[in-house]
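Let's take a look at this fold together, working from the strands out to the core.

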Amino acid sequence: MNQTWMIYGANGYTGALIARTAVERGLKPILAGRNSGEIQSLATELKLEGRVFSLEEPTQIESGLTGVDLVLHCAGPFSITSAPMIEACLTVGAHYLDITGEIGVFEHAHEQDKRAVEAGIVICSGVGFDVIPTDCVALKLKELLPNATHLSLGFESDSGISPGTFKTMIQGLSSASSERQDGVITEFPLGKKHRTINFGKGPKTAMAIPWGDVSTAFYTTGIPNISTWIPMPTYKIIGARSLKWMRPIFSNSFVQATLRKWVDRSISGPDEEVRQNSRAYIWGEARNATGESRTVRIETANVYSLTVFGALAVVNRVLNTDIPGGSYTPASLFGANLIEELPGSGTFQIKQEKGMEFH
């Protein structure tokens, strides 16, 4: 990998994991972010170049990307940070990758497709656990059932949570759940839809959530109806329904800022032992208009290790593959088998079975 690439947000929990693993593999990314002390400290420790710039002024971002061929963007919340970084990458001609799971970010990235083609750059959001595993399962199901009209995706994991992910969840408390119906993203109250799903560890009650595949799986597969799920005990589903009455409170900027400060003080993210001893279980189901269905499951490394492995794999492939400019999803770039090729992943387990109803 002879080209120059950058991790922006390298001082965050996941960004630092990626940076350390990159160095272990003999890679030399530029580390960047807006926190001078943390960036310079990590850059010194890892013997890498460090750059400090914020995302508030376009000219400052463009200057910070001087000589950079690819940006791996790891600084959330991506609903705020991704658009200015994408804009700068389009201007300077640098490939853009990120590790978001936010539907709005995926939609914005897709809207830049024509501009990315003209600029000759790859834009690919979601090159971590959000959404590589589920995106690959979605494409596998499309290959198994080409005339599928409905797609459901989900995962189960006890991998713990990082500060950045926690902040994204806090931001999401002010929003509803989402799914795609007849090609259009629609909202409904969180906790309204539930069903029973075997993600890989036996049947469990599950709740529909606004996961990134509501956006990305549509562009990967063309399937018009998409829902996304996680296991959730019934009492928590009932509790989630009550959040709709508290959305005005969670939407308040002061409340959001207070909760983010609490995260900074209280959440450090899972340590190496937790990461090593936890797994993730990915599930997907497709069905067609006649009721025929396919189910795919795959077991992977934990959420954060998979994000590290997935992000570095996509960085390597984008920098070393002649890819036409445009906006992509991970599976549309490198195929359904991308997930099987990552460390810690098993192989697809495929079943033909009758689809399960949800309420």
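## Ground rules

This is a predicted model, where local features need pLDDT of at least 70 and side-chain atom pairs count only at pLDDT 80 or more, while totals for chains, interfaces and linings use all residues. Residues are numbered from 1 along each chain as its sequence is written, and side-chain values use heavy atoms, with hydrogens and water left out.

## Strands and crossovers

Helices (H or I, at least four residues) and strands (E, at least two) are DSSP runs, numbered from the N terminus. Strand β1 (residues 5-8) runs parallel to β2, with three bridges joining them; strands pair if DSSP finds at least two bridges between them. Met-6 sits opposite Ile-30 in β2. To get from β1 to β2, the chain passes through α1, and this β-α-β crossover is right-handed. Right-handed here means that, with the strands pointing away from the viewer, the path from the first strand over the helix to the second runs clockwise.

On its other pairing, β2 runs parallel to strand β3 (residues 50-52), again through three bridges, and Gly-33 has Val-52 as its bridge partner in β3. β2, helix α2 (residues 36-46) and β3 also form a right-handed β-α-β unit. Within strand β2 (residues 30-33), Ile-30 and Ala-32 point one way and Leu-31 and Gly-33 the other, and all are buried (under 20% relative accessible area; exposed is over 50%, partly exposed in between; 1.4 Å probe, protein chains only).

## Helix α1

Nine of the 12 residues of α1 are buried, so this helix is largely enclosed by the rest of the structure. The buried ones include Tyr-13, Leu-17 and Ile-18. After α1 comes Gly-26, with a positive phi near 85 degrees.

The largest nonpolar core has 76 residues, and Trp-5 and Leu-72 have the most contacts inside it. Its largest share, 12 residues, comes from helix α14 (residues 303-320). A second, separate core of 22 residues includes Ile-30, Ala-32, Ile-61 and Ala-94. (A nonpolar core is a set of buried Ala, Val, Leu, Ile, Met, Phe, Trp, Tyr and Cys residues joined through side-chain atoms within 4.5 Å.)

Leu-72 touches (heavy atoms within 4.5 Å) residues including Trp-5, Met-6, Ile-18 and Val-315, not counting those up to four places away in sequence.

## A buried glutamate

Glu-107 lies in helix α5 (residues 103-111). Glu-107 counts as buried because its relative accessibility is 19%. Leaving aside neighbours within four places in sequence, Glu-107 is in contact with Arg-180, Ile-185, Ser-215 and Tyr-219.
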